[in-house]
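Open your viewer and get ready to click along. We will go from one selection to the next, with a short note at each stop.

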Amino acid sequence: MSWTAAILTLFPEMFPGPLGQSLAGRALDADLWRCETHDLRSFGLGRHKTVDDTPCGGGAGMVMRPDVVDAALASVSRNDGASCVYLTPRGRPLTQADIRRYTAGSGVTLLCGRYEGVDERVLEARSVEQVSIGDYVLSGGETAALVLLDACVRLLPGVMGSAESGVEESFSDGLLEYPHYTRPAEWNGRAVPDVLLSGNHAAIARWRREQSERVTRERRPDLWAAHLSNTTHSSVQEG
Ligand SMILES: O[C@H]1NC=Nc2cccc(F)c21
């Protein structure tokens, strides 16, 4: 059975969206992964298929009802150990380690919220992972789900050919990637760094590592601190 994304959403027509194109799209056509959408509206209550209600305690907006979301999750319930993830700005930051974990299994169930979010009780009752893709405001979980799925699909076997292999992709060693250059050797009065044209592969690898460390230190002090503690930790262990 192919790696399967089960997506619970009020907007099933948003999927596979951009993931139906290019590498991910070809992988979908080749059944290397599957994208199943489940319309939350079909689990709504009464004639109008209501899925939300006003927030207890007052406040603006609407909250998605726990009974509706629970029925939707129950309809998908998988016994394959797949992670169940709720995309929300209140979640912990999504990391490449999470992506590797999700792709190591048989798939993932993604719950996409709208309005002010989902009643906390169903997230607790079903031990749903709460994950954020960043500290900014989106209109719903669907675009966040597409981001998570893009990161997963590209790691699935057979999706990224060896030519595009993102082996040196950012985050795989905890550092941001080095800067990239291609032809022409000079453009707009700016030259490609000499070392990259030297043919000295050891010097190139050293330069790239130094650049990764510099960029990470300058732009992501959080990643740099984690990198230092990991490398210090490992050197002590080897000690
Ligand atoms: O990652 C978040 N960042 C900001 N807003 C969001 C809204 C819905 C889902 C989601 F993951 C997010």
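Buried here means under 20% relative accessible area, exposed over 50%, and partly exposed in between (1.4 Å probe, protein chains only). Helices (H or I, at least four residues) and strands (E, at least two) are DSSP runs, numbered from the N terminus. This is a predicted model, where local features need pLDDT of at least 70 and side-chain atom pairs count only at pLDDT 80 or more, while totals for chains, interfaces and linings use all residues. Residues are numbered from 1 along each chain as its sequence is written, and side-chain values use heavy atoms, with hydrogens and water left out.

Select residues 107-112 to begin. This is strand 6, and six of its six residues are buried, so the rest of the structure largely encloses it. Gly107, Thr109 and Leu111 cover one side, with Val108, Leu110 and Cys112 on the other.

Strand 1 (residues 3-9) pairs with strand 6 in the parallel sense over five bridges, and Ala5 stands opposite Val108. Strand 5 (residues 83-93) also runs parallel to strand 6, joined by five bridges; there, Ser83 has Val108 as its bridge partner.

Last, pick Gly105, in the loop between helix 3 (96-104) and strand 6. Gly105 is partly exposed, at 37% relative accessibility.

Technical notes:
Pairing = 2+ DSSP bridges.
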